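Student: Could we go through a structure together? I would like to ask about its bonds, rings and chains.

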There are 2 protein chains.
Amino acid sequence: MLSKSFLLGSASVFLALVATGTARAEEGMWTFNHLPVSTLQKTYGFAPDAAWIQHVVQSSARLAEGCSASFVSGDGLVMTNHHCANSCLAALSDKTHDYFRNGFYSHSPAEERQCPGMELDRLDNISDVSARVTDATKGTSGAAYTAALQQVESELTKDCVNGDPTHWRCDMVSLFHGGQTALYRYRRYQDVRVVMAPEQGIAFFGGDPDNFSYPRYDIDLSMLRVYDGGKPVHTPFLQFDPMGPKAGELVFTSGNPGRTQRSLPASALAFQRDIVNPAIIGYLSTREGMLWEYSRQSPGHAKEAEDALFSIQNGLKSYSGTQAALRTGDIVARRAKEDAALQSWIDADAGRRKEYGQPFHDIEQAIAVEKTLFPAHLALRMALPGLAEDAMTLVDGASEREKPDAKRHAGYHEAQLGEVETSLGAKEPVYPQLETDTLALGLTLMRQTLGADDELVRTVLGTDSPEALAARLVKGTKLADPAVRVALWKGGQKAVEASSDPMVVFARRIYPAYAQMRERMLNEVTSPLHKAEGDIARAIFARAKAEGHADDIYPDATFSPRLSWGTVKGWTENGKDIPPFTDFAGMYRHATGSDPFELPKRWLDAKSKVDPATHVDFVSTNDIVGGNSGSPVIDRNGHAVGLIFDGNLPSLAGDLYYDISNNRAVSTDTSAIIAALRDVYNEPTLVHELIDGHQATTSGATKP
Amino acid sequence: MLSKSFLLGSASVFLALVATGTARAEEGMWTFNHLPVSTLQKTYGFAPDAAWIQHVVQSSARLAEGCSASFVSGDGLVMTNHHCANSCLAALSDKTHDYFRNGFYSHSPAEERQCPGMELDRLDNISDVSARVTDATKGTSGAAYTAALQQVESELTKDCVNGDPTHWRCDMVSLFHGGQTALYRYRRYQDVRVVMAPEQGIAFFGGDPDNFSYPRYDIDLSMLRVYDGGKPVHTPFLQFDPMGPKAGELVFTSGNPGRTQRSLPASALAFQRDIVNPAIIGYLSTREGMLWEYSRQSPGHAKEAEDALFSIQNGLKSYSGTQAALRTGDIVARRAKEDAALQSWIDADAGRRKEYGQPFHDIEQAIAVEKTLFPAHLALRMALPGLAEDAMTLVDGASEREKPDAKRHAGYHEAQLGEVETSLGAKEPVYPQLETDTLALGLTLMRQTLGADDELVRTVLGTDSPEALAARLVKGTKLADPAVRVALWKGGQKAVEASSDPMVVFARRIYPAYAQMRERMLNEVTSPLHKAEGDIARAIFARAKAEGHADDIYPDATFSPRLSWGTVKGWTENGKDIPPFTDFAGMYRHATGSDPFELPKRWLDAKSKVDPATHVDFVSTNDIVGGNSGSPVIDRNGHAVGLIFDGNLPSLAGDLYYDISNNRAVSTDTSAIIAALRDVYNEPTLVHELIDGHQATTSGATKP
């Protein structure tokens, strides 16, 4: 599943290197205002024109929690993945309704239900603010650079939101790692309702064993509707093509790839391979085992842990796949050569030496510091899951809001405060035992990582055992109640300081160490890395220009809107051809009847009704990564022909490099969606809206 | 904890490379018949003479399940680690007696209780059988070599045991990886009783967080007594020194280091680093999380899982430590240079080229095959835990016993059958839910590793889910009863084929794949590797001889008796001096009161009685690895001054190389043992036996 992983929390300051890449065939995640149209025209005999581009931009959307989506009717109907609506379905389910297992079906607008905390953003405008940022940060470095950058970001986003953070959202996006800075303005929607979601059993048919694999038979779909002022919004939308794509067809993807590191220096790749990934994989594996066993205890526990287990297993496959590529491929050695070549190019000229310096050396130095900080940094994240993280957000947010906007850390600027409050107020259920076990395990792993006599461990645990501390905190805290969290947030520093809630007391106790770690990471690691990567990016730019191929360069992914393209095409694995399409016949064959290879009853009942030759899923060469989940697959006509939901196993190294020989995006075919709605779920109204582009009743009512 | 890891089961055919090393100061695990006495004399002004050596050999012992031990009285009293008696204490505990938590104390011979399945072996004789083996395998390779080797092993061990496998055990030991072969004959004891074991809370004080760390405060002791014909045996023994060693003192270790790979070619190290270790660490991490959560469910569950969790966490630290060394050190690059140098030495001479060939190339080829087999091989191990493994032993053993002795696989030769039967008949408790969960997780991870459509996965699971299959097998099987296992074993092929026990049926279904995997691993991986390593070992030998330093060479560890030495000495870590000794004052300071930093009540009560300055643990430069657990630390006089129980974190890379700057063995001081028995446990009889060397009553009765 390709939703962008926030596994290590929003406050994570993990190595966030982004740099530049040089495009090869079908490689690249391009910004909408800088598409290599002439290359496209040359290669495919087709290039999108301005109207096509604008239509696609305005029909596309981003889900704030890490997915992509598209409008598929003029009445606010949105198509995204089932797994992008997980937390919504979990939140809406209760003792008598398991929407996750049984699906969610509304048969009238009144039955559409709001997804707690869900936000959808639609791109409105991109402006280049590079000059402004360069001016503001000129001559600064380290902490001063960070402060200057924060100051200008705060000013820019505040101006951009223009006093209306409820309807607008503005993100400063650093492209080419500081080589360019853009301000992305989004129309913000916070009333998103679920219209239809099939059973988890078909959306994630094959479960974790099939995840990131292919052939595949998933209808990873959910339908949402966006409301504003209590009414469905009306926007441009992608016409739904009920036939799906053809083999060999050129298809586009409009989505929000989360993060790539396509030009990461070899030293940073080696750091990930040798230190970061093994530690995170170990952590995720232990969590997987814990959640697996928790789920075994009762059907209730299985339901409680389902979401977390899903997310952990997904992250685990993703990290493991990347790590496998790093370990077994020659990418690190290749990158070392590229790094050396760029440094030689810099060194060959006095002007360049002055302009770009020794960025690879600088990066090595920053990584040397990060090596010493990493264990404690990871341990802090492990010690703050769930409500403990919320408590830390309350303590941190209260403290940050005491500062002038410009001095605050990212995430706490005035324009971002609404988002924090929404997130704190989200009505996601808290399960006391799962919460306790998760915290206890996190604290145990923290101690395992740092040792019992470590000062931070002593600060966190005192003389308690992880189990006793976790039990005491979860039992005593009132933070499980969203209203209590919001009240503390609103109460600010005074309320947080006065609180005797044990979880808040706990967060206060850790806060100095937490804040100090963030400062050190920012000033000694992130900022120097950022600067050196900027130098590298600018050097790559300058070199590409000098060598006449500047147009072939695309920026690393930044969870902002991008276009990629490719062809519907299988691949060859160990000498075996993997065909591009699967069909319903294959799906029924794949069903052994045992979880997770058990089809939902509706599908078994409908077997005679669906055409066995109808395509279910397909693969294409589109260059996508996590964050692209829910992206529409679009044909030349600008019509929706598929719904991205995964990549194959080799694509997991896509964070680091794109390999056309085996990197494939996996999509649900629009023909499968239509067949499901029509033949399995008996949803003629929804089929009608998709084909017509408008709600039957609404359009009838509003038509003259 | 340094007990030899059998995590992946006795049938494991994992890469078992052993080669040769060149000794540096205090490095080496030397065979008793080839000690570098002149080097010792030169370095320390002391070398053991023949009497000293014989005395130490005859006072030392090996526990068949992977530990070392020593006789510390003339009446069969044996000192080993608490963690070496874990399974015994678990087996003896019942609803009303938790010997693990509360300790085990006998106050008369009648109260000493037999440890189910425990076997102790005392070295009787070593004979060189190199010529016999070389003759028998001459001119063979691949399957023929394997068969020839098995044939000669079968003949040699059969002759050696001389029809009395109850009292004798003979192991063919391949030293210098086939460069030499020795036959080790042991006096075998199968009536081992527990005399005294302190609480787990002091034996493993600091638990997993402190494991492999230092400073440390553990009294990792158990006292056993060996009986023969219902009476305590009388053997030579190590006089117990109640004062412990001094800083800087020369000390020896007599024990059974399990396995080292000190001259593993770079290609094999890289294979471990890139493929094997990450997979095993992932597996162990998931198991850790599962067992951790299982333990959280109730005190009963915690007790059920304690042993397994202990063993998994221990293995996890051990693999992770080795992996950290492989990832961050330059050992692979260094080894590649050494490999190239040896190949150059071979290539420089036509005679050598003919004699040794291209072993590094051969190893690379074997590893290329192993790469393709490894996932399924690991998956098979994961799918066969606990009773499923027993069932496979029954099916496999029945089939193997149909063959003539010489054609059987290792483990099933006539002389070894008693051991298999003992192991199958051991009365270790089976906990149905833990058994089910463990099997279900193993099957799940198998499917995760190979994919749902894999043929082996289909064979193992059929159309069942892992959970349903595991539940059905564990619920239906009668194998939890040792008598049922033994009856099936004794019934042989006929009984096994006729059995409708679902676990046996399950094992029969997998057996063809299992046997085929073993054949392929043996013929295409293990045998060619073994041959190439033999070539390398002989080349290293020949080169060392030619260059005049053949005496500085010791063989890799083979879980057979070895002597190592070193000095009692701390080390420096991040510029901080770690002193060699800890004391009771430090122990009481380390006790936060929370598990696992909670001292048992007896220790809290005895605080005023114990001398705070008494040493608890110490570190020394002795070169030890897993399997050395329970080894005595011996002074020049041949007296016991300590009890090895662990290594520090840097020592975890000791499998691959020894680094005197930070590799340290961790021991319990004999002064702490005496203080514990005298001041805490009030065991004057035992103290008396240790000081006197004889049981008070027995010696009184048998004295003239």
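Tutor: The conversation below takes up disulfides, aromatic rings, the chain copies and the nonpolar cores in turn. Please keep in mind that this is a predicted model.

Student: What is a disulfide, in general?

Tutor: In general, a disulfide is a covalent bond between the sulfur atoms of two cysteines.

Student: How many disulfides are there over all chains?

Tutor: A search of the whole structure gives 6 disulfides over all chains. One of them joins A:C67 to A:C84, with an S to S distance of 2.1 Å.

Student: Where in the chain do A:C67 and A:C84 lie?

Tutor: A:C67 is in strand β3 (residues 67-71) of chain A, while A:C84 is in the loop between β4 (77-80) and α3 (86-92) of chain A. The two cysteines are 17 residues apart, and the pair links distant parts of the chain.

Student: Is A:C67 buried or exposed? And is A:C84 buried or exposed?

Tutor: A:C67 counts as buried, at 2% relative accessibility. A:C84 is buried too, with a relative accessible area of 2%. The cut-off in this reasoning is that buried means under 20% relative accessible area.

Student: Why is the disulfide of A:C67 and A:C84 called left-handed?

Tutor: The torsion about the S-S bond of A:C67 and A:C84 is about -80 degrees, so this disulfide is left-handed.

Student: Which cysteine does A:C88 join?

Tutor: A:C88 is joined to A:C115 by a disulfide, S to S 2.1 Å. Its torsion about the S-S bond is about -70 degrees, so the disulfide of A:C88 and A:C115 is left-handed. Because A:C88 lies in helix α3 of chain A and A:C115 in the loop between β6 (113-114) and β7 (120-128) of chain A, the pair ties together parts that are 27 residues apart in sequence. A:C88 is buried at a relative accessible area of 1%, and A:C115 counts as buried at 1% relative accessibility.

Student: What about A:C160 and A:C170?

Tutor: A:C160 and A:C170 form a disulfide with their sulfur atoms 1.9 Å apart. The torsion about the S-S bond of A:C160 and A:C170 is about -70 degrees, so this disulfide is left-handed. A:C160 lies in helix α6 (residues 142-161) of chain A and A:C170 in strand β8 (residues 168-175) of chain A, so parts 10 residues apart in sequence are tied together. Both A:C160 and A:C170 are buried.

Student: What pattern do the disulfides of chain A follow?

Tutor: Counting bonded cysteines along the chain, the pattern in chain A is 1-2, 3-4, 5-6.

Student: Changing topic: how many aromatic pairs does the structure hold?

Tutor: There are 34 aromatic pairs over all chains. In one of them, the rings of A:F271 and A:F374 have their centres 6.3 Å apart and their planes at 80 degrees, so the pair is edge-to-face. A:F271 is in helix α9 (residues 266-296) of chain A and A:F374 in helix α13 (residues 359-382) of chain A, 103 residues apart. A:F271 is buried, with a relative accessible area of 2%, and A:F374 counts as buried at 4% relative accessibility.

Student: Which residues do ring pairs link into a cluster?

Tutor: Ring pairs link A:W30, A:F46, A:W52, A:F252, A:Y554 and A:W565 into a cluster.

Student: Which ring does the charged end of B:R334 sit over?

Tutor: The charged end of B:R334 sits over the ring of B:Y657, 5.6 Å from its centre.

Student: What rotation superposes chain A on chain B?

Tutor: A rotation of 180 degrees, with 0.0 Å of shift along its axis, superposes chain A on chain B at an RMSD of 0.0 Å. The two copies are therefore related as by a two-fold rotation axis.

Student: Why can one say that the copies meet through the same surface?

Tutor: The reason is that 100% of the interface residues of chain A are also interface residues in chain B, so the copies meet through the same surface.

Student: Lastly, which residues touch the most other members of the largest nonpolar core?

Tutor: That core has 152 residues, of which A:M223, A:M503, A:F506 and A:W603 touch the most other members. Helix α20 (residues 502-546) of chain A supplies the largest share of this core, 18 residues. Apart from this core lies another, of 148 residues, among them B:V276, B:V395, B:V460 and B:Y681.

Terms used: Residues numbered from 1 in each chain as written. Chains lettered and ligands numbered in written order. Predicted model: local features only at pLDDT ≥ 70, side-chain atom pairs only at ≥ 80, totals over all residues. Heavy atoms only, no water. Disulfide = S-S within 2.5 Å. Helix = DSSP H or I, 4+ residues; strand = E, 2+ residues; numbered from the N terminus. Buried < 20%, exposed > 50% of the residue type's maximum accessible area, 1.4 Å probe, protein only. Phe/Tyr/Trp six-rings, centres within 6.5 Å; stacked < 30°, edge-to-face > 60°. Lys NZ or Arg CZ within 6 Å of the ring centre and 35° of its normal. Least-squares fit on C-alpha atoms with pLDDT ≥ 70 in both. Contact = heavy atoms within 4.5 Å. Core = buried A, V, L, I, M, F, W, Y, C linked by side-chain atoms within 4.5 Å.
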